[in-house]
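Subject: Structure for you, with notes

Hello,

Here is the structure I promised. Please open it first, then read my notes below.

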Amino acid sequence: MTDEERQLLENTARSLLRVIERQKDAFAGMEAALLEIYRAQFTTDHRKHETLARLKLTLKVMEAEGRGTNFLGEFIRKLEPWKP
């Protein structure tokens, strides 16, 4: 590998790491906002159970379709302990 190739590879790797960090930051902000929006819906136990049931149904559909469900599963776990 030439110095030029090595430099190109290093620059590409650094750029990729910056993109990943920006995505992680954006993801954390979006998750926080979504959690607050959903928590605002939990004005009663009944509303909470309805909302969680819809989210769990969506999760099951996504699982059946083989789509990524890590975010939604974790999101539901974070919402479940919250009390109206």
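The accessible surface of the chain comes to about 6,600 Å², and carbon and sulfur atoms supply 59% of that area. Areas are by the Shrake-Rupley method with a 1.4 Å probe, and for residues only the protein chains shown count as cover.

Two notes on the basis. This is a predicted model, where local features need pLDDT of at least 70, side-chain atom pairs count only at pLDDT 80 or more, and totals for chains, interfaces and linings use all residues. Residues are numbered from 1 along each chain as its sequence is written, and side-chain values use heavy atoms, with hydrogens and water left out.

Overall build

The chain has three helices and zero strands. Helices (H or I, at least four residues) and strands (E, at least two) are DSSP runs, numbered from the N terminus. The order along the sequence is α-α-α. The C-alpha trace spans about 65 × 30 × 15 Å along its principal axes. The radius of gyration is 20 Å, whereas a compact globule of 84 residues would be near 12 Å. That radius is taken over C-alpha atoms, and the globule rule is 2.2 Å times the number of residues to the power 0.38.

Buried residues make up 18% of the 84. Buried means under 20% relative accessible area, exposed over 50%, partly exposed in between (1.4 Å probe, protein chains only). Of the contacts with a separation of 6 or more, 58% join residues 24 or more positions apart. A contact means heavy atoms within 4.5 Å.

Helix 3

Helix 3 covers residues 70-79, and its L72, G73, F75, I76 and L79 are buried. They sit on the same side of helix 3, because they cover an arc of only 160° around the axis. The arc uses the directions from the helix axis to the C-beta atoms. The face turned away carries the exposed N70 and R77. The cover over the buried residues includes helix 1 (3-41) and helix 2 (45-64).

Look at L79. Its relative accessible area is 0%, so L79 is buried. Beyond four places in sequence, L79 contacts L35, Y38, R39, F42, K48, L52 and L55. L79 and E36 are 43 residues apart in sequence, with their C-alpha atoms 9.4 Å apart.

T51

T51 is in helix 2. T51 counts as buried because its relative accessibility is 3%. A polar atom of the T51 side chain lies 2.9 Å from the backbone oxygen of R47. Leaving out residues up to four places away, T51 touches Y38, Q41 and F42.

Best wishes

Notes. A polar contact is a pair of N or O atoms within 3.5 Å; within protein, one must be able to donate a hydrogen and the other to accept it, and residues adjacent in sequence count only if both atoms are side-chain atoms.
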